[in-house]
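Welcome! Please have a look at the sequence and the model first.

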Amino acid sequence: MPQVKTSLGTTVLLVFDLLATLLVALEGGSAGVLSHLDFFGVLVVAFVSALGGGIVRDLLIGATPPNAIRDWRYGTTALAGGGLTILSFQSFQAVPHELLLTLDAAGLALFAVAGADKAVEFGVPPLIACLMGAVTGSGGGVIRDLLLNRVPAILHSDIYATAALSGAVVTVALLRRGANRGGSMGAGAVICFTLRMLAVHYGWSLPHVR
Amino acid sequence: MPQVKTSLGTTVLLVFDLLATLLVALEGGSAGVLSHLDFFGVLVVAFVSALGGGIVRDLLIGATPPNAIRDWRYGTTALAGGGLTILSFQSFQAVPHELLLTLDAAGLALFAVAGADKAVEFGVPPLIACLMGAVTGSGGGVIRDLLLNRVPAILHSDIYATAALSGAVVTVALLRRGANRGGSMGAGAVICFTLRMLAVHYGWSLPHVR
Amino acid sequence: MPQVKTSLGTTVLLVFDLLATLLVALEGGSAGVLSHLDFFGVLVVAFVSALGGGIVRDLLIGATPPNAIRDWRYGTTALAGGGLTILSFQSFQAVPHELLLTLDAAGLALFAVAGADKAVEFGVPPLIACLMGAVTGSGGGVIRDLLLNRVPAILHSDIYATAALSGAVVTVALLRRGANRGGSMGAGAVICFTLRMLAVHYGWSLPHVR
């Protein structure tokens, strides 16, 4: 297992990662409230929305126990997001939709490139590392949708996982060409974020087979 | 991986664990029958209801292969429960509902505290160990509900996973204060069982966000 | 972890395994198209249909990272199947149904006995090795059905997982009696294929509890 280096970069990444975790937990918890779950159900859905993608990635690449299980800060942050949703669901409804979508796109970008980077470090093939980026970014939402008994949104509408995948591809490609980690992740994140925001703004979605 | 000590306590725990496995398999199998599954489907649902929670816990804490896979007695017991359901579904309908609920609460308590105890032994953080207790107790029911294409019951009604979580919290807290294993698990189990029975008796359920 | 021996037998097995992967990916992708998924969703469903069963088996027996993640040829083949589905869905509709069912039965047989064989090599108990054969053969279809929000077909209709299980039982029994690997897998595959084709031809299905 690779050493985890503690440095300024790692600390900054951790802070952003926890912020993204909190945000996605708030979104997941809100989906739970809208599906008439009870308090416990809201906490569960907040938890799996925020951490499910990373947990599945870690199980698949063999990084067990998954980081979200080993490091108490992630579970605490995700549950705090669920608790906040319960306490102030009404207030969240007042947050402008555009702001939420922008923050969510930023979280998606971070999850996707960090997930791809971790998969590369664990030595999985490049194709799989790219898929792991997409899984990290959008896997939590898939589990959330399964729990809420609906076909996962990423499978039939919108450009979401595709943006995550694009960012992951850029990151993996740059890492393999020897680019430094920060630059590779930064470039991938910009691509993912931009693609997602363009899709939201212009209402893009992927084609369907006729 | 920690050594498994064979002692009287371990043997007693194993017997109760297998009894709980059988009971939960019977309940799961019955849910399968009521959902019009065929014989094979009933066996599958019995198996995952009884063993799914423990398997997910073991995957998450890194105890692979999961105990339910490594130890043939669990799979055999769960499938026997499914087979019994097929053979005598009509008779089970005659069992008083109160008795079933009481036995189920006892099984839940056992699974929850044993699951939390195992997670502590594997060195995961206390918060996660508590969650693992809840996963062990109620994870099988979640997988069962997903297979039967419905929103998992624990997410929207009743006090079930919350009781498992409460028992797990007590067990983890006592273990961390240095209490012995039997006492910690016993106290947690009593809390879980009592809370669950009170919830059943008084029709308690968790609040929903309005 | 057992050594993987490269030999003629292994190469032949690999070729058949990749062919079966491609076929199951085409079938899974088609199910995705029929459920109105977008291009990305079709690729996802093709991937999990073809590789999900093997991935779950590997997670359960502790063979992490799963082979489908470690070996880029599987992911590439599954995604190629999904891509082909998108490009030529209309043409697939013209393939005679009987041919598809026959090829699918062959793929099922191969997945089931190869899955059981791998589980035996990893030293899990015989009962569990048989179940792992059934999981390898039919697990991908279960995940596909969950993603498409329906009760997994193998739980309520048809003889499919039961055929996989039968083939796995034969393979595991022969391996334990010291028969050679090729013969054990061949005999199991013949049993699985024959049972499946008989079930298709005569419209057999498993009984339900009344």
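The text below goes through one chain interface and then a few individual residues.

This is a predicted model, in which local features need pLDDT of at least 70 and side-chain atom pairs count only at pLDDT 80 or more, while totals for chains, interfaces and linings use all residues. Residues are numbered from 1 along each chain as its sequence is written, chains are lettered from A and ligands numbered from 1 in the order in which they are written, and side-chain values use heavy atoms, with hydrogens and water left out.

**The interface of chains A and C**

Let's begin with the pairing of chain A and chain C. The size of an interface is often given as the accessible area lost when the parts come together. Here the two chains bury about 2200 Å² between them, 74% of it on carbon and sulfur atoms; buried area is the accessible area (1.4 Å probe) that two parts lose on being put together, summed over both. On the chain A side, A:L60, A:L155 and A:V209 lose the most area to chain C, together 30% of what that side buries.

In terms of contacts (heavy atoms within 4.5 Å), 29 residues of chain A meet 29 residues of chain C. Four residue pairs across this interface are in polar contact, both partners being at pLDDT 80 or more. A polar contact is a pair of N or O atoms within 3.5 Å; within protein, one must be able to donate a hydrogen and the other to accept it, and residues adjacent in sequence count only if both atoms are side-chain atoms. The number of salt bridges between chain A and chain C is zero, with a salt bridge taken as a side-chain nitrogen of Lys or Arg within 4 Å of a carboxyl oxygen of Asp or Glu.

Which elements give two or more residues to the side of chain A that touches chain C? They are α2 (39-61), α6 (126-147) and α7 (161-176) of chain A. Helices (H or I, at least four residues) and strands (E, at least two) are DSSP runs, numbered from the N terminus. The largest share of that side, six residues, comes from α6(A).

One residue that reaches across is A:P207, which touches C:D38 and C:F39, not counting residues up to four places away in sequence. A:P207 sits in the segment after α8 (181-202) of chain A.

**Accessibility of selected residues**

Buried means under 20% relative accessible area, exposed over 50%, partly exposed in between (1.4 Å probe, protein chains only).

| Residue | Relative accessibility | Class |
|---|---|---|
| A:D117 | 4% | buried |
| A:P207 | 42% | partly exposed |
| C:H36 | 60% | exposed |
| C:D158 | 34% | partly exposed |

A:D117 belongs to helix α5 (residues 97-121) of chain A. Leaving out residues up to four places away in sequence, A:D117 touches A:L175, A:R181 and A:M185.

**Backbone details**

C:H36, in the loop between α1 (8-34) and α2 of chain C, has a phi near 65 degrees, a positive value in a residue other than glycine. C:D158, in the loop between α6 (126-147) and α7 (161-176) of chain C, is not a glycine either, yet has a positive phi of about 75 degrees.

Finally, a cis peptide bond joins C:T64 and C:P65, with omega about -10 degrees. C:P65 is in the loop between α2 (39-61) and α3 (67-70) of chain C.
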